[in-house]
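Subject: Structure handover

Hello,

Please load it first, then read the notes below.

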Amino acid sequence: MIGVALLGATGSIGASTLAVLRQHRDKFRLVAVASRADWQGLLPIITEFEPDICALEDADAATSLRGALSRHHTHIRIETGSDAVTAVAGLSAAQVVVAGISGFAGLPSTWAAVAAGKQVLLANKEALVASGTLLLAEARRAGARLLPIDSEHNAVYQCANGVNCNASRVRAITLTASGGPFRNRPLDTFHAITPDEACKHPTWSMGRKISVDSATLMNKGLEVIEAALLFNRPASDIHVLIHPTSTVHAMVEYVDGSILAHLGPADMQVPISHALAEAASALGETLERLPLNLPSLSLAALGGLQFFDVDMQRFPALQLAYDALNAGQGACLALNAANEVAVAAFLSGAARYTDIVPTVEKILTSADASAPTSMDDVFARDADVRRAARALLPERELA
Ligand code: MG
């Protein structure tokens, strides 16, 4: 039985992971769960999966959870504080850690899982974008393995049969993007876009931050950086195509001209189950594939596959990400931090949709592009960029 720790258990990655684990209780056991403050979301997970440990960053939420669980016969240990979430990532009973906490906030726990030498199912792209090769070097040092469960990167991993995309075998990597909800919206109405409109993704059901990033295509930009790091290729070898139905998730072009594409249902259970099987194999269980109870994709019903080049006028965030990747790791860190601040301001009503990209762009003009030299440096620079980005955002009263 393989022990799994699930960080961000009540989010979208958490729900998909639990759906996979529910179908494979004979192979995997959920030993720990972590969430920032969503104790109501944790309650049914704890009663169903009976993990040994639960970490809640928020102390009041932990008190509420203890109260709610007092009626249940459970021996679960409930720990609080951000250190508790980090501790769960290094738990000896967990051979596999699912890093499903969204944003830079997931970096400390992702780092802890990597430093503890775990099989790390990486959903948190911001951690990798901000810390870059530091995280990869730590994984090598600790014997950890980063298994991408971002659907596009998992697709590349499957097409390349691992992370080896060396130029001697692979010519280019293509990530697809649905184009989000605003692929055809008139540009002169973008200033009026509301958070709910931005979060209505046409093909994937996800959390609100990543949904906004998918609308601007910043998500694809972060994914280009993520791919450059995971598969060790320069920006110029990582391409993006708009593909509205999200049927093909990524393609790998080999040096002989062969292109292998990954197709599948737009459901995060697919990459998560693949990565869990990979992790299990590394841990000595021979698992080729985990069957999933999902409807088969019907290509005949789909009728065809459409691909378009990205219109960079409509989606300037993608260009910013390429620019940051070419400039250096420090610029990637700054891009991510400024974007998180601007997106949070948009979601809270403090900024417009059309404030997001200009804020990131302004930050990038003065960002230190050199690579951070330590994790302390990563956290310090991230905090500096956040302060600068907040100062740039207009104090706007929005109706
Ligand atoms: Mg993705």
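Buried area, as used here, is the accessible area (1.4 Å probe) that two parts lose on being put together, summed over both. This is a predicted model: local features need pLDDT of at least 70, side-chain atom pairs count only at pLDDT 80 or more, and totals for chains, interfaces and linings use all residues. Residues are numbered from 1 along each chain as its sequence is written, and side-chain values use heavy atoms, with hydrogens and water left out.

**Domains**

The chain splits into domain 1 (2-148) and domain 2 (163-256 + 307-391). These bounds come from an automatic or database domain assignment. Over C-alpha atoms, the two centres lie 25 Å apart. Domain 1 puts 19 residues into the contact and domain 2 puts in 25; contact means heavy atoms within 4.5 Å.

**Interface**

About 1,800 Å² is buried between domain 1 and domain 2. Carbon and sulfur atoms give 72% of that area. On the domain 1 side, F104, K125 and V129 lose the most area to domain 2. Together they make up 37% of what that side buries.

Two salt bridges are counted between the domains. The term needs a side-chain nitrogen of Lys or Arg within 4 Å of a carboxyl oxygen of Asp or Glu. K125 pairs with E223 in a salt bridge, with the closest N and O atoms 2.9 Å apart. E223 sits in helix α11 (residues 218-230) and K125 in helix α6, 98 residues apart. The whole structure holds 22 salt bridges.

Which elements give two or more residues to the side of domain 1 that touches domain 2? They are α5 (107-115), α6 (125-131), α7 (133-142) and β7 (145-148). Helix α6 gives the most, with six residues. Helices (H or I, at least four residues) and strands (E, at least two) are DSSP runs, numbered from the N terminus.

**Sheet**

Five strands form an open, mixed sheet in the order β11-β10-β8-β9-β12. Two strands pair if DSSP finds at least two bridges between them. The edges are β11 (259-263) and β12 (308-309). Strands β8 (residues 170-177) and β9 (residues 238-242) run parallel, joined by five bridges. T176 has L241 in β9 as its bridge partner.

Regards
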